[in-house]
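This briefing summarises the architecture, the packing and selected residues of a two-chain model. Please consult the sequence and structure shown here alongside the text.

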Amino acid sequence: MPGRAEFSLLLERARAGDLAAFEQIMIRHQRQVYAVALRLLNDPEDARDAVQEVFLRLYRHLGGFDESRDFSAWLYRITVNMCRDMGRARRKHAADPLDQESAAAGPDPQALASAAQRSRILAAAIARLPAKERAALVLRDLEGLPTAEVAGILGSSEGTVRAQISSARLKIRKLTERFLRGRP
Amino acid sequence: MNCSRFEQMIALHVEGDLPEADAARLEAHLETCAECREVAADLRASQEALKMLGAEAVDEADLAVIRRQVLNRIGDRQPRLSLATLFRWAAPAAAAAALALWLLPDRSPVELPRPEIAHAPVPVLNPPPARRETAKPRALARQRTRRPRAVQAARRVEPAGADPLVVKLLTPDPDVVIYWIIEKQGDSE
């Protein structure tokens, strides 16, 4: 990651309308945004749309960013909010992702042994979680952020986040047992 | 012992999210409960799988396309000429325009006289009536052509066989007066 002074200069140039500087900011953060969007939305196409919207929103609000705060956490917050909004609009018509994966895999649990299928089952299991639990799990376990930072991003207390990730991990465990190991 | 309560703690403990006091209590329970040890083992396995999911590679080409789309959309929304650019060029452009106006000759609508149509020689015996007679055609011409008054002509016709014919042309500029002198040649006229 770049030094604080270097990043501050990039921000200043981007705020002044320098698109090359803004592109540098995107390059440094887009993996983070895409990874979170993909896990929250469980659809590559939707995730790409979300990344676009996140960076457009970021560009519009760059002027209001307080540099004493953590830029990455701010960007996570924009991403989570954008995916929540997109997820609400999408979920009305969406089928259960785990049902789709299990139907595609067939009845034999041994057929789920491939890494790609395991990944899809896990991703579908995450997508099945309630929105707040999903966001907490993705930020804590996939992005590796400390619980306190996750709480700051989600606007919750640390205790609430702990309860959410605990519940989410147990659900993931049960779903993976059922779909990957054939346990009831 | 209520193991369902410990499940919640195990789910935090496997990632080090449990406060120390609770962790010690849980470790003591795990030593005596095979069922909870199995839950802990399963949770560790599913957490490992989750982390592999998070480490999946992202296609760089996809990201480059997304960046281009974002920049295009930002470009579409921005005005083509920024205020900074406008101010950078406005002052030199205005100075150049002022200099050009100062250097160029007066381009006020002065038309060259066309004596064969508008200013045909009309004998005038008395100058004041002549001014009234020339006013009417001039007014008509303005209505028909919608041009500003370009030329105001007055003529003094001398008796035939005397001095040259002199036509005085008045222009909108009071400092510019055009005299048209026609020499009479031979007896053909």
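Buried residues, meaning those under 20% relative accessible area, with exposed over 50% and partly exposed in between (1.4 Å probe, protein chains only), make up 24% of the 189 residues in chain B. In chain A, 48% of the 184 residues count as buried. The model is predicted, so local features need pLDDT of at least 70 and side-chain atom pairs count only at pLDDT 80 or more, while totals for chains, interfaces and linings use all residues. Residues are numbered from 1 along each chain as its sequence is written, chains are lettered from A and ligands numbered from 1 in the order in which they are written, and side-chain values use heavy atoms, with hydrogens and water left out.

**Chain architecture**

- Chain A has nine helices and zero strands, where helices (H or I, at least four residues) and strands (E, at least two) are DSSP runs numbered from the N terminus.
- The pattern along the sequence of chain A is α-α-α-α-α-α-α-α-α.
- Chain B contains six helices and three strands, and from the N terminus on its elements run α-α-α-α-α-α-β-β-β.
- Contact means heavy atoms within 4.5 Å; among contacts in chain A between residues at least 6 apart in sequence, 65% join residues at least 24 apart.
- For chain B, 38% of the contacts between residues at least 6 apart in sequence join residues at least 24 apart.

**Nonpolar core**

- A nonpolar core is a set of buried Ala, Val, Leu, Ile, Met, Phe, Trp, Tyr and Cys residues joined through side-chain atoms within 4.5 Å.
- The largest such core has 81 residues, and those with the most contacts inside it are Phe22(A), Phe55(A), Leu58(A), Phe71(A) and Ile10(B).
- Helix α2 (residues 19-41) of chain A gives the most to this core, contributing eleven residues.
- Setting aside residues up to four places away in sequence, Phe71(A) touches Phe7(A), Leu11(A), Ile25(A), His29(A), Leu58(A), Leu62(A) and Phe65(A).

- Helix α3 (residues 44-61) of chain A packs against helix α4 (residues 60-77) of chain B at an angle of about 45°, with the axes 10 Å apart.
- Axes are lines fitted to C-alpha atoms, for helices over the stretch in contact, and angles run from 0 to 180 degrees between N-to-C directions.
- α3(A) and α4(B) are therefore oblique to each other; angles under 35 degrees count as roughly parallel, over 145 as roughly antiparallel, 65 to 115 as roughly perpendicular and the rest as oblique.
- The crossing of α3(A) and α4(B) is right-handed, a term for a near helix turned clockwise from the far one by less than a right angle, anticlockwise being left-handed.
- On the α3(A) side the contact includes Arg48(A), Val51(A) and Phe55(A), and on the α4(B) side it includes Asp62(B), Ile66(B) and Arg73(B).
- By class, the contact of α3(A) with α4(B) has seven nonpolar, two polar and six charged residues; Ala, Val, Leu, Ile, Met, Phe, Trp, Tyr, Cys and Pro count as nonpolar, Asp, Glu, Lys and Arg as charged, and the others, Gly among them, as polar.

**Helix packing within chain B**

- Helix α1 (residues 3-13) and helix α3 (residues 34-54) of chain B pack at an angle of about 30°, with their axes 10 Å apart.
- This angle makes α1(B) roughly parallel to α3(B), and their crossing is right-handed.
- Cys3(B), Phe6(B), Glu7(B), Ile10(B) and Ala11(B) of α1(B) meet Cys36(B), Val39(B), Ala40(B) and Leu43(B) of α3(B).
- The contact of α1(B) with α3(B) has eight nonpolar, no polar and one charged residues.

**Selected residues of chain A**

- Thr79(A) lies in helix α4 (residues 71-91) of chain A and is buried, with a relative accessible area of 1%.
- Beyond its neighbours within four places in sequence, Thr79(A) is in contact with Val33(A), Val36(A), Ala37(A) and Val54(A).
- Val80(A) is also found in helix α4 of chain A and counts as buried at 10% relative accessibility.
- Val80(A) and Leu154(A) are 74 residues apart in sequence and 8.1 Å apart in space, C-alpha to C-alpha.
- Ile165(A), in helix α9 (residues 158-180) of chain A, is buried with a relative accessible area of 0%.
- Leaving aside residues up to four places away in sequence, Ile165(A) touches Ala136(A), Leu137(A), Arg140(A), Leu12(B) and Asp17(B).
- Asn42(A), in the loop between α2 and α3 of chain A, has a positive phi of about 55° although it is not a glycine.
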